Amino acid sequence: MIGPDRGGRSFSPCRSPDDRTCGTDGRCPHERVRPADGPVIDRLIECPGHTGQFDDRTGKAKGAPVCGNRATCPVTVEGGRVLVQAD
Ligand code: FES
């Protein structure tokens with residue numbers, strides 16, 4: 001994952017091993033760690049802070065220590081550029 005900031009917001013677009021793209025908030029709701037270095041395993045994004053996990057399609061938290069979901073946004077790759085569709 002990579003973690004660009006844009007317009008005062010932070011995003012974490014990622015590509016899974018089966019080549020799907022997804023995007024979520026760039027900060028973990030637990031202790032605001034940037035999850036950009038975390039792996040995506042079996043449709044779960046793992047936060048490098050304390051190994052909290054989130055569904056890569058919905059941003060839904062999948063158990064402790066995280067207590068909140070992450071917003072999601074569409075991500076596409078066009079011509080080698082990663083495009084994040086933020087509201
Ligand atoms: S900061 Fe993400 S799980 Fe703690």
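The following questions and answers concern a predicted model of a protein chain.

Me: How many helices and how many strands does the secondary structure of the protein chain contain?
Reply: From the N terminus on, the elements run β-β-β-β-β-β-β-β-β. The secondary structure therefore comes to zero helices and nine strands, a strand being a DSSP run of at least two E residues.

Me: Does the radius of gyration of the protein chain agree or disagree with that of a compact globule, and what is its value?
Reply: The C-alpha trace spans about 40 × 30 × 20 Å along its principal axes. For 87 residues, a compact globule would have a radius of gyration near 12 Å. The value for the chain agrees with this, at 12 Å.

Me: What is the strand order in the open sheet of four strands?
Reply: β1 is joined to β2 (residues 9-15) by two bridges, and β2 is joined to β3 by five bridges. Two further bridges join β3 to β7. Each of these pairs is antiparallel, and the order is β1-β2-β3-β7.

Me: Why is one side of β1 and of β7 left without a neighbour in the sheet, and where do these strands stand?
Reply: The sheet is open, with the order β1-β2-β3-β7. β1 (5-6) and β7 (72-73) each have a single partner strand, so one side of each is left without a neighbour. Both strands stand at the edges.

Me: Which residue of β7 does Thr-24 stand opposite?
Reply: Thr-24 is in β3, where it is the bridge partner of Ser-12. β3 also runs antiparallel to β7, to which two bridges join it. In β7, Thr-24 stands opposite Thr-72.

Me: How many of the five residues of β3 are buried?
Reply: Across the protein chain, buried residues make up 28% of the 87 residues. β3 (21-25) is mostly covered, and the number of its five residues that are buried is four.

Me: Which residue in the turn between β2 and β3 has a positive phi of about 70°?
Reply: β2 and β3 run antiparallel and are joined by five bridges. They form a hairpin with five residues between them. The residue in this turn with a positive phi of about 70° is Asp-19.

Me: Is Ser-16 exposed, partly exposed or buried?
Reply: Ser-16 lies in the loop between β2 and β3, and it is in contact with Val-40 and Asp-56, leaving aside its neighbours within four places in sequence. A residue is buried with 20 or more other C-beta atoms within 10 Å and exposed with 12 or fewer. Ser-16 has 17 such atoms, so it is partly exposed.

Me: Which residues form the largest nonpolar core?
Reply: The core has nine residues. One of them, Cys-22, is in contact with Cys-14 and Val-75, as well as with Asp-56, Arg-57 and Thr-72, leaving aside its neighbours within four places in sequence. The nine are Cys-14, Cys-22, Cys-28, Ile-45, Cys-47, Phe-54, Ala-61, Val-66 and Val-75.

Me: What is the strand order in the open sheet of three strands?
Reply: β4 and β5 run antiparallel and are joined by two bridges, with Leu-44 in β5 as the bridge partner of Ile-41. β4 and β6 each have a single partner strand, so they stand at the edges with one side left without a neighbour. The order is β4-β5-β6.

Me: Is Asp-42 buried or exposed?
Reply: Asp-42 lies in the loop between β4 (40-41) and β5 (44-46), and its phi is near 50°, a positive value in a residue other than glycine. Arg-43, in the loop between β4 and β5, has a positive phi near 70° and counts as partly exposed, with 16 C-beta neighbours inside 10 Å. Asp-42 has 8 such neighbours and therefore counts as exposed.

Me: Which peptide bond is cis, with omega near 10°?
Reply: Pro-65 lies in the loop between β6 (53-55) and β7. The cis bond, with omega near 10°, runs from Ala-64 to Pro-65.

Me: Which residue in the turn between β8 and β9 has a positive phi?
Reply: Four bridges join β8 (residues 75-78) to β9 (residues 81-84), and the two strands run antiparallel. Thr-76 has Leu-83 as its bridge partner in β9. The strands form a hairpin with two residues between them, and the turn residue with a positive phi of about 60° is Gly-79.

Technical notes
Residues are numbered from 1 along each chain as its sequence is written. This is a predicted model: local features need pLDDT of at least 70, side-chain atom pairs count only at pLDDT 80 or more; totals for chains, interfaces and linings use all residues. Two strands pair if DSSP finds at least two bridges between them. A nonpolar core is a set of buried Ala, Val, Leu, Ile, Met, Phe, Trp, Tyr and Cys residues joined through C-beta atoms within 7 Å. Two residues are in contact if their C-beta atoms, placed from the backbone, lie within 7 Å. The radius of gyration is taken over C-alpha atoms; the globule rule is 2.2 Å times the number of residues to the power 0.38.
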